[in-house]
Amino acid sequence: MAGKAAARSTDSSEDESVILEKPLKKKRGLASVDFSNLKPTRRDFLVYTMSWSTCFGDAVEIYLPGVFTQQVAAELGVTNSQEGILAVSTSVAMAFSSLIIGTVVGSRFRKRQVLLFSLYATIFATLFSASVPNFTVLLISRCIRGACVGLNFAILSIFTATEVSAYDVYNVGSSMSLIVFSVGAAWSAILGYLLLDFLGWRVLIVSASLPWLIAPVLLLHTVLSYPKSFQKVPTKSGDGESVDINEEEFIRVPNLKGRILKASIANFINYLQGWGSIILAPALMRYSNVTNHKEDANVNGAQFLILALIFGGVKMVGRIAGFFLLKHMPFRVIHTIISAVIAHAYLVVLLRMDDFFCTAIAVGIANMAYSVSRIDLSLMETDKYFFGTENFANSAFIVIALGLMGAAVGSVFAAFLSAYHAVLVCFILSCIQIVVFLCITER
């Protein structure tokens, strides 16, 4: 083994790094974690405190606009078609910012600098959104917020993956990030339900998300201001100096383009299923109200609370359950089952679309299954053992960006297609997803 590494290192005079020809782990993600030997460092806790706070703030930024859409529409005179444009603007901006800005800026600047920039921009966009006078400015503010959150998504994942001390710590901490994200989604919906009428939507925007974005900025400026690979060690003078204590591991994987393609398709469909349903469920509720000849076709308070449980509580339960299921079930087995469950849930919606409670339960089951799958796919997005270290950042940017593109497409389908055709598209793609997961043999 040492001979192979030495042979490779002598072939090139320009690259003196040693390629580690050790076998890659057969199990990856949560299935590979040995909890008995899990020893996170102090810096790991700081990194994930920053990451979890950012995830919570991003969840509020994404879900909160849906809470007060009807109040904004009434105050600013927004039409139904304009509501659809607002609904998809955030996800479209997220997709383009993570792909274009993330790949260009992320490859030229340090990840910490880009993350700080995106957090400052998100804070500015939040304040800007709270002071919009008309639809045009509101649309611009939504696009800015979406671009900032998309950049947060891409940079935060890669920054966290490269800053933690061990692969197992990354798997556990990043899985917890998704649970925190679900808590943020539930917080947005329930807080809006309880306080929107008292505070108004402008005050709610600032008070609900801004505090969660300030803490990461402070951490990145202080205790996380130096790279992971450099630490202060004592010297004779007692002042200490920064020295590199880590030897960078170099991993090259076969069939990288195939891995990126399969991961991108799986991510695209997965995000489309989850994010499309954010807009689809209220549309289905309104469809049910119309077909049952109710006087008010809009979603009422009781129905809104059910939506809050679907998109907050149900996803949180799914991610907590996924934390344990993914530990004990093979990748292809569990994701094939999940895709089949989601496909059946959408089929039930197609057949019983006029039944409010049947629709709510089916969409809830689809979202719970999506949440389990989302944990593993989020870990795969930034897994150095899946993409290798040679083109790790670019591979992760592509897969994350195309996943967010799926969120944008799902939002467009849900906003502008009829409820029936939007559900039909989700059903067909869920069936395709089964085949995609069966083809991912590398994980």
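Leaving aside neighbours within four places in sequence, which residues is methionine 50 in contact with? They are Leu115, Leu156, Phe159, Pro216, Leu219, Leu220 and Leu224. Contact means heavy atoms within 4.5 Å.

## Model and conventions

This is a predicted model: local features need pLDDT of at least 70, side-chain atom pairs count only at pLDDT 80 or more, and totals for chains, interfaces and linings use all residues. Residues are numbered from 1 along each chain as its sequence is written, and side-chain values use heavy atoms, with hydrogens and water left out.

## Overall fold

The protein comes to 15 helices and two strands. These are DSSP runs, numbered from the N terminus: helices are H or I with at least four residues, strands are E with at least two. Of its 443 residues, 53% count as buried. Buried means under 20% relative accessible area, exposed over 50%, and partly exposed in between (1.4 Å probe, protein chains only).

Residues 24 or more positions apart account for 84% of them.

## Nonpolar cores

The largest nonpolar core has 90 residues. Met50, Ile62, Leu115, Phe153, Leu220 and Trp275 have the most contacts inside this core. Helix α12 (residues 356-381) gives the most to it, with 10 residues. Another core, of 20 residues, lies apart from it; Val78, Val180, Leu191 and Ile205 are among its members. A nonpolar core here is a set of buried Ala, Val, Leu, Ile, Met, Phe, Trp, Tyr and Cys residues joined through side-chain atoms within 4.5 Å. In soluble globular proteins, nonpolar side chains tend to be buried together.

## Cavities

How many cavities of 30 Å³ or more does a search of the whole structure find? It finds four. A cavity is a set of points on a 1 Å grid, over the protein atoms alone, where a 1.4 Å probe fits but cannot get out; lining residues have an atom within 4 Å of a point. Grid points are joined across faces, edges and corners, and a volume is the space filled by probe spheres set on the points.

The largest cavity holds about 390 Å³ of space. It is lined by 24 residues, with Cys55, Phe153, Ser157, Leu178 and Ser378 closest to its centre. Helices α2 (42-67), α6 (135-163), α7 (167-199), α9 (256-291) and α12 each supply at least two lining residues. The lining divides into 12 nonpolar, eight polar and four charged residues. Ala, Val, Leu, Ile, Met, Phe, Trp, Tyr, Cys and Pro count as nonpolar, Asp, Glu, Lys and Arg as charged, and the others, Gly among them, as polar.

## Individual residues

Phenylalanine 323 lies in helix α10 (residues 301-328). Its relative accessible area is 13%, so it is buried. Not counting residues up to four places away in sequence, Phe323 touches Leu30, Phe35, Val172, Ser175, Met176 and Ile375. Phe323 and Leu30 are 293 residues apart in sequence, yet 7.3 Å apart in space, C-alpha to C-alpha.

Arginine 145 lies in helix α6. It is buried because its relative accessible area is 4%. With the residues up to four places away again left out, Arg145 touches Glu61, Pro65, Ala125, Ser129 and Ile205.

Asparagine 255 sits in the loop between β2 (241-244) and α9. It has a positive phi of about 55° although it is not a glycine. Most residues other than glycine have a negative phi. Asn255 is partly exposed, at 48% relative accessible area.

Definitions and conventions: On a 1 Å grid over the protein atoms alone, a cavity is a set of points where a 1.4 Å probe fits but cannot get out, and a pocket is an open set with protein on both sides within 12 Å along at least five of seven lines; lining residues have an atom within 4 Å of a point.
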